[in-house]
Amino acid sequence: MDILLTHGYFLHEDPKELQIMKPYAPLGLLYLSSYLRGKGFAVEIYDSTFGSRDALFRILETERPATLGIYANLMTRGNALAILRRAVECGWKVVMGGPEPANYADRYLAAGAHAVVPGEGELALEAILRGGEPDRARLLPDLDAQPWPDRERIDIGQYLRVWREHHGAGSVSVITARGCPYHCRWCSHSTFGKTHRRRSAAGVVDEVEWILNRYHPEQLWFADDVFTIHHGWLDAYAAEMRRRGLRIPFECITRADRLNARVAAQLAELGCDRVWIGSESGSQRLLDAMERGVTIAQVRDAVGHLKQNGIRT
């Protein structure tokens, strides 16, 4: 094994998620796995969602030490630091990634991390595994050239079983783009910068069709920051889904200013049954201070368009 990837999120420790029970697979790690395996590296994944700290520590203590890649965010900071310290004690070389370590690199380096990747992980991890230094500026130039996330390396069925047990329907997550070009002051841009890179509509439909045939979920979750940002792309995606006779309920996130009556109708045609809109505040003064770039009127209009098409908001 060249590298073990994990993320330190344990569902059984999360009282809110234990009430909601809508977990999703760690797509970021799965993308890293498929990329690095495509470059010839031996990659293992410990998907901690349904696991435990003790089980992960046993792996660190019994496996021959290699490189450990840990994704961390604000919510998993405590676990990430504990895993980092135990791994270093066991002789592992630890690389930290994700928005939390990028913004607090000194804290993780002081805890023993060998490197903190402030940006996209694929090229940086490849460089580290080849003995070099990560280059923050290097982002994948062509998302269509990258393999799909390594869903087959973890138990997607376990996620679907939990969903179906609690909600009667299973859901699988997909991303169609990376990054967000907007400037909201509270949002971290430490992973993708303020870039926005899209996959081709046909390429996304290829993945959607494969997911439907492989896992048979009852719905999808498009985890893009702003799913409806590019209306021309949405037109192409809808046309390709129609051409193949595909339709699946889904949820997505968007901004109020990237949603109008036509887009709302298009989402409904595609099967969308819920849209999450970042509204943040009912005060225009606060929205402007956040540099949100939207108005309260736009939020009201967007919600109205969606409700007229039977889409929950």
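The points below cover the salt bridges and then the strands.

The structure is a predicted model, in which local features need pLDDT of at least 70 and side-chain atom pairs count only at pLDDT 80 or more, while totals for chains, interfaces and linings use all residues. Residues are numbered from 1 along each chain as its sequence is written, and side-chain values use heavy atoms, with hydrogens and water left out.

**Salt bridges**

- The whole structure contains 27 salt bridges, a salt bridge being a side-chain nitrogen of Lys or Arg within 4 Å of a carboxyl oxygen of Asp or Glu.
- Arg-130 and Glu-126 form one of them, with their closest N and O atoms 3.2 Å apart.
- Arg-130 counts as exposed, at 53% relative accessibility, whereas Glu-126 counts as buried, at 13%. Buried means under 20% relative accessible area, exposed means over 50%, and partly exposed lies in between (1.4 Å probe, protein chains only).
- Arg-164 meets Glu-218 in a salt bridge, at 3.0 Å from N to O. This pair links distant parts of the chain, 54 residues apart: Arg-164 is in helix α8 (residues 156-167), and Glu-218 is in the loop between α9 (201-215) and β9 (219-222). Helices (H or I, at least four residues) and strands (E, at least two) are DSSP runs, numbered from the N terminus.
- Arg-164 is partly exposed, with a relative accessible area of 32%, and Glu-218 is partly exposed, with 34%.
- Arg-292 and Glu-280 are joined by a salt bridge of 2.5 Å, N to O.
- Arg-292 counts as buried, at 4% relative accessibility, while Glu-280 is partly exposed, with a relative accessible area of 41%.
- Asp-206, Glu-209, Glu-240, Arg-243 and Arg-244 belong to one network, joined by salt bridges that share partners.

**The sheet**

- An open sheet is formed by four strands in the order β6-β9-β10-β11, with parallel pairing. Two strands pair if DSSP finds at least two bridges between them.
- At the edges are β6 (171-174) and β11, each of which pairs on one side only.
- On average, neighbouring strands of this sheet are turned by 25° against each other, direction ignored. Axes are lines fitted to C-alpha atoms, for helices over the stretch in contact, and angles run from 0 to 180 degrees between N-to-C directions.
- β9 runs parallel to β10 (residues 250-254), and three bridges join the two strands.
- Opposite Trp-221 stands Glu-251 in β10.
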